[in-house]
Amino acid sequence: MRPLTILLLSGIMLSCSDRFQSKIIGEVTGIPADKVYLIDAYDSKKRVDSTDYKNGKFEFIIEDNKEPFLASIAYMTKENEMMKLAYRNNKLSINGKRNGVAAFMTDDGTITIKGDWTGVTSIFDTKHLEINAGPQNDYFQKYIHSNIGAIKNSSAEIHRIMFGRIKERVLENPSSFFLLGEIEKNKSFYHRSELKELISHFDQRVQSSSQAKILQKYASYMKEGDETTDPLSLKGPNSVVKANINRNKKLNMLVFWASWCIPCRSEIPQIRKIKKEFKSPDFYIASISIDRKKEDWLNALKVEKMDWDQFIINRDDDLKLNAQYDYSAIPLVVFTDQNLKILKRSTGASSDAVEEFGSFIKSLLVKSTQ
């Protein structure tokens, strides 16, 4: 290869890299710490970077900002608690006043943060710093409180109208990673074809992001109408996999829960009554935990002593199973038949669970014997 060609290629590579660089420059007095952290705004434990804070200044450089994300800048207090810096929202007013927000989108180019943080000791006396970013952050500030990705399924007509409005937002702002994130947050309210269509209207940079690809995969897993779920195989407390859980009997009651979910735990006595009342060979109950930590689940099992099958979802299967069962809200009870068809769904704990589920179970078991 000729030297000139190598130089040209090198120049192209450098320009592509520079294009997605994000530089965050802080000129903020009064931060009571000597180090600040760049963290994921949704997960404070996820530290992206750290840097020294000297003479009222700090700087972060994100070399590869190809996928802008919602970030926060924080420091550790003397009590070893994390405190996030807050910024004046220049796009949204509440009661005639500019409100503040403790996050920003990592726009390309230079982001500047300026102001005085002196005297801030808690979230109750937070000051609002001035932030100057770019279009990604402008869009975030404008719609932070609107839940713009939400869509209601109250009626087919309302759903159609709301989807049309969200589609217009995507067409008007095809480069917004915040908008993609809002759609992802509300993904269970969309139809499969709607998710795929919305993703297709974003620009190529957004479409090629890991978040868009995960959302695309989620859509491909979704089941609609008369489509049946896939055979369900999960691990029990002894790590042994049981196959065909959702088609084990003519009527299967699948209870999605978690150890940290108080309503889920409060519903266990009612499930225990259902288990005791219905001893038909055609009826099956299984509780399925969505706990992230297996230890938390096992500890809860020791306390609750549930005498029916217990399983936990493998993280590798979470996307697929959530797409098919939608356990974004728990407790969730799903009834399936032996043909993998979902017969009934019920979300939230109910004081009438025994009566409600009992009458449904009776009707199905009677039908199965006729």
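Guide: Let's start just after α10, where Asp326 takes a positive phi of about 50°. Keep in mind that this is a predicted model.

Visitor: And α10 itself: what makes you say this helix is mostly covered?

Guide: Helix α10 spans residues 318-325, and six of its eight residues are buried. To get that label, a residue has to be under 20% relative accessible area. The ones that pass are Asp318, Leu321, Asn322, Ala323, Gln324 and Tyr325.

Visitor: What covers the buried residues of α10?

Guide: The cover includes the helix α7 (210-221) plus strands β12 (234-235), β14 (251-257), β17 (332-336) and β18 (342-347). On the way from α10 to β17 there's a loop holding Pro331, and the peptide bond joining Ile330 to Pro331 is cis, with omega at about 5°.

Visitor: Why is α3 called roughly parallel to α5?

Guide: α3 (residues 156-172) and α5 (residues 192-201) pack at an angle of about 20°. The label goes to angles under 35 degrees, so α3 counts as roughly parallel to α5. Their axes are 9 Å apart, and the crossing is right-handed.

Visitor: Which residues make that contact?

Guide: On the α3 side, His159, Phe163, Ile166, Lys167, Val170 and Leu171; on the α5 side, Glu194, Glu197, Leu198 and His201. Sorted by class, that gives five nonpolar, two polar and three charged residues.

Visitor: How do you know that Asn89 is buried?

Guide: Asn89 has a relative accessible area of 0%. The cut-off is under 20%, so Asn89 is buried. You'll find Asn89 in strand β7 (residues 87-94).

Visitor: Now Asn80 and Asn147. Why does Asn80 count as exposed, and why is Asn147 called partly exposed?

Guide: Exposed means over 50%, and Asn80 has 60% relative accessibility, so Asn80 counts as exposed. Asn147 comes out at 34%.

Visitor: Where do Asn80 and Asn147 lie?

Guide: Asn80 is in the loop between β5 (70-76) and β6 (82-84), while Asn147 is in the loop between α2 (135-143) and α3. Neither is a glycine, yet phi is positive for Asn80, near 65°, and for Asn147, about 50°.

Terms used. Residues numbered from 1 in each chain as written. Predicted model: local features only at pLDDT ≥ 70, side-chain atom pairs only at ≥ 80, totals over all residues. Heavy atoms only, no water. Helix = DSSP H or I, 4+ residues; strand = E, 2+ residues; numbered from the N terminus. Buried < 20%, exposed > 50% of the residue type's maximum accessible area, 1.4 Å probe, protein only. Axes fitted to C-alpha atoms, helices over the stretch in contact; angles between N-to-C directions. Parallel < 35°, antiparallel > 145°, perpendicular 65-115°, else oblique. Left-handed = near helix turned anticlockwise from the far one by under 90°. Contact = heavy atoms within 4.5 Å. Nonpolar A, V, L, I, M, F, W, Y, C, P; charged D, E, K, R; others polar.
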